[in-house]
Amino acid sequence: MVQIMENQSLSTEQELAIKVGNFKKDFEQRMALTVVHDLKHASQRAKYWALAYAVRDEIISKWLKTQNKYYKLNPKRVYYLSLEFLMGRTLSNAIINLDISLIVRQALEQLGLSLEELQEQEWDAGLGNGGLGRLAACFLDSMATLDLPAYGYGIRYEYGMFKQKIKDLQQQEAPDNWLRFGNPWEIARTENLYKVHFKGRVNNYEDCDGKLVCRWVDTDTVMAMAYDVPIPGYQTDTVNTLKLWAAKSSRNFQLETFNAGDYIGAVIDKHLSESISKILYPNDNNYKGKELRLMQQYFMVSASLQDILRRLERCHDDIRDLPEKAVIQLNDTHPSIAIPELMRILMDERGLGWDEAWKISSATFAYTNHTVLPEALERWPVELFEEILPRHLQIIYEINQRFLDDLAATFPGDFARRERMSIIEGHDHKQIRMAHLAIVGCFSVNGVAKLHSKLLQEGIFKDFYELWPNKFNNKTNGITPRRWLKNANPRLSGLITEVIGDGWAKNLFELKKLEAFSQNPDFLQRWIRVKGQNKKELARIIQKQCGVQVNLDSIFDVHVKRFHEYKRQLLNVLHVITLYNRIKQGKLDDFVPRTVIFAGKAAPGYVRAKEIIHLINALANMINRNQRVGERLKVVFLPNYGVSLAEKIFPGSDLSEQISTAGMEASGTGNMKFALNGALTIGTLDGANIEMKDEVGEENIFIFGHQQGELSELRASGYDPLTYYHQDEELRLVLDQIRDGYFSPNQPHLFVPLVNSLLYEGDHFFVLADYRKYLECQDQVSRLFRDEKQWHSKAILNVARMGAGKPSIVRLEFLGSRN
């Protein structure tokens, strides 16, 4: 028996050696024939390209087989339309999902190369700015892993989310030219270009049968070219596709201008047409910015629908069978122009009548909402629509009129309800409510956390819920454990796999087995050692990027996310200043050292959020140089937060800050990523925090603050933030210091507007109302952190209970629940 096992082991080693050798040959061949470099003299970037092509070779054959299988079996397909896909780096994720990490690493080591060093050569594909885009990326990964026939559609922005720099303690934005050196993961599909039309006018006339015919004519035309990106599933042969559209000028661009001798003018027109896919989120504070944003949305939608219908025809399906062969998921309202666009195609190009077209369209689309803030719901001026998409405006008016007629029959005499629910808002300056269009035109409307969905049904969409209660449902967000644990945290994922096997990477319920080890002394010590190593790595990054040496024995208290007032980074700042004051006052009994780590970007036009970033850096500038404070307290701001930086931050974090104003965060997924990496959470009962508390246990999470209902009552009774200022001595000192220039001595009045927003402008996000409860909860954090084994025992339970809902982010019923 022993001899047999040795032979089997030898056989496995031989098999591995053969695979390593083959991969080495593929790498060397790609270096020579594709990158056209000699390995000995090649740059790190050239080596990365050769590696990327070699890994891509492993994907391509599976990709082709997957697509051929879909055409042969012709299943119902999922189409996920999103203006954002925050993909991050592709190489490391592909290696994990292909399950070739050991092969690649050994092959490179034999060539004297480091996998980690080559991975650093890849730029993040920053085609999004936050949770919405990262959720879309996670869905693609999970759908491929689950062998679901799915496609993503988005825009190939030449410039992604801006590159953030900190200069003079302030955020500065620089272009994110992520395609400067090309992208080895995309395949340009030059053979199928689609025409996308803008502007023009509509001819309305009756044909010989007396039927009204509408023709959209004299339009400007832009071509949409797809760049396909393969999305491999984990330990499966399925490779799905993300199609990203790039705008190209039409072949005969402004031919009249060109023929008239104005070559320069024609080239300028070509450049303008291709600017549609140039930049993610143009500044829409002016008319031109709004125009470009609307054109981007329609450009993506039009090209995607043409591609979907081309695939339908290639499978010899009738257009009337579309709802049985496809479900089109709208990730927020940005793609909701797809509803009138499909109606236009069905009626104007395919000759269907309104009723038949509406039956098909409304059974095809589903809508995910991502906000409960009324001011964040997308609206477009009618006059802008009339200029850019005149035919679509006609269709939207018709959808609205028929909807209002149905409302009048259902709620006779209730004119106020008609006004509230109308897709067209206002009288003198009319706007199109895109969320209302999405609700009316979709068969399913989902929120992204239980509280969020409840607030939609009881708040901003209450009228619609009363009309169509069965249309509304909840699908709590999730994350993919492959990227956010297996790839991001190899030390911890390796330890977990060693004790419970690797089934958790595909079925997160498997993590439940860790519960049995939460009090195991040997496992706890190994767990603590892993966390220490991860903190050491994070400290190295902080030293390199910020020049700050941090205390490895301190609480790594981490607040990383997009900057917005409702996410309340400012509340965290007030706590930091309070700790600083306590140190200065000599209140050092049982003081637990902290390293408070911030990261995140503020929208370029969001002045208040940028002021908060400025304050954080001013605070860090003073605290980190104070010898009396020393190692007790450090504050750092890591610039240019993105997926790759997040993958380095989560593993080394002790405490996860999820402190948004209750009722304002739709879900959040950073909370899940932190917990999956062994951090404990301090948070409000908001978004997915509520469901996390239910899963991990109230004793294993730090919850504080007013709940959503309490805040509503506080606001209704006349919330006065000055009351908290006068009653709380520590709070008063902190605000006075900020206001009086303590942290900005060269500009004493710099942060006065920030303090005024809290004291005299309503404190809309209840920062002062939750200040004292937040401090008390943070004191609990410090007390628990002193008990190392108890802290990490709770961390183990958090990881063990992260498999809530369905395995591996399978909260996808809304993507195709009809079949």
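**Chatting through a predicted model**

Me: Where does Thr669 sit?
Reply: Thr669 is in the loop between β22 (655-658) and α25 (670-676). Helices (H or I, at least four residues) and strands (E, at least two) are DSSP runs, numbered from the N terminus. The model is predicted, so local features need pLDDT of at least 70 and side-chain atom pairs count only at pLDDT 80 or more, while totals for chains, interfaces and linings use all residues. Residues are numbered from 1 along each chain as its sequence is written, and side-chain values use heavy atoms, with hydrogens and water left out.

Me: Is Thr669 buried or exposed?
Reply: Thr669 is buried, with a relative accessible area of 9%. Buried means under 20% relative accessible area, exposed over 50%, and partly exposed in between (1.4 Å probe, protein chains only).

Me: And what is Thr669 in contact with, leaving aside neighbours within four places in sequence?
Reply: Thr669 is in contact with Asn477, Gly478 and Ile479 once those neighbours are set aside. Contact here means heavy atoms within 4.5 Å.

Me: Switching to Arg482. Where does Arg482 lie, and is it buried or exposed?
Reply: Arg482 lies in helix α19 (residues 481-487). Arg482 counts as buried because its relative accessibility is 0%.

Me: Which side chain does the Arg482 side chain make a polar contact with?
Reply: That partner is the side chain of Thr480, at 3.2 Å. A polar atom of the Arg482 side chain also lies 2.9 Å from the backbone oxygen of Ala505. A polar contact is a pair of N or O atoms within 3.5 Å; within protein, one must be able to donate a hydrogen and the other to accept it, and residues adjacent in sequence count only if both atoms are side-chain atoms.

Me: OK, aromatics. How many aromatic pairs are there?
Reply: The count comes to 30 aromatic pairs. Rings of Phe, Tyr and Trp (its six-membered ring) pair if their centres lie within 6.5 Å; planes under 30 degrees apart count as stacked, over 60 as edge-to-face and the rest as tilted. One of the pairs is Phe403 with Phe464, stacked at 6.0 Å centre to centre with 10° between the planes. Phe403 lies in helix α14 (residues 390-410) and Phe464 in helix α18 (residues 462-467), so the pair ties together parts that are 61 residues apart in sequence. Phe403 and Phe464 are buried.

Me: Which residues do ring pairs link into a cluster?
Reply: Tyr70, Tyr79, Tyr151, Tyr153, Tyr194 and Trp245 are linked that way.

Me: What sits over the ring of Tyr151?
Reply: The charged end of Arg311 does, 4.2 Å from the ring centre. Lys601 lies over the face of Phe162, at 5.2 Å from the ring centre. The rule is that NZ of Lys or CZ of Arg is within 6 Å of the ring centre and within 35 degrees of the ring normal.

Me: Last topic, α29. Which residues of α29 are buried?
Reply: In helix α29 (residues 729-739), the buried residues are Glu730, Leu731, Val734, Leu735, Asp736, Gln737 and Ile738. These buried residues pack against α22 (569-584), α23, α28, α30 and α31.
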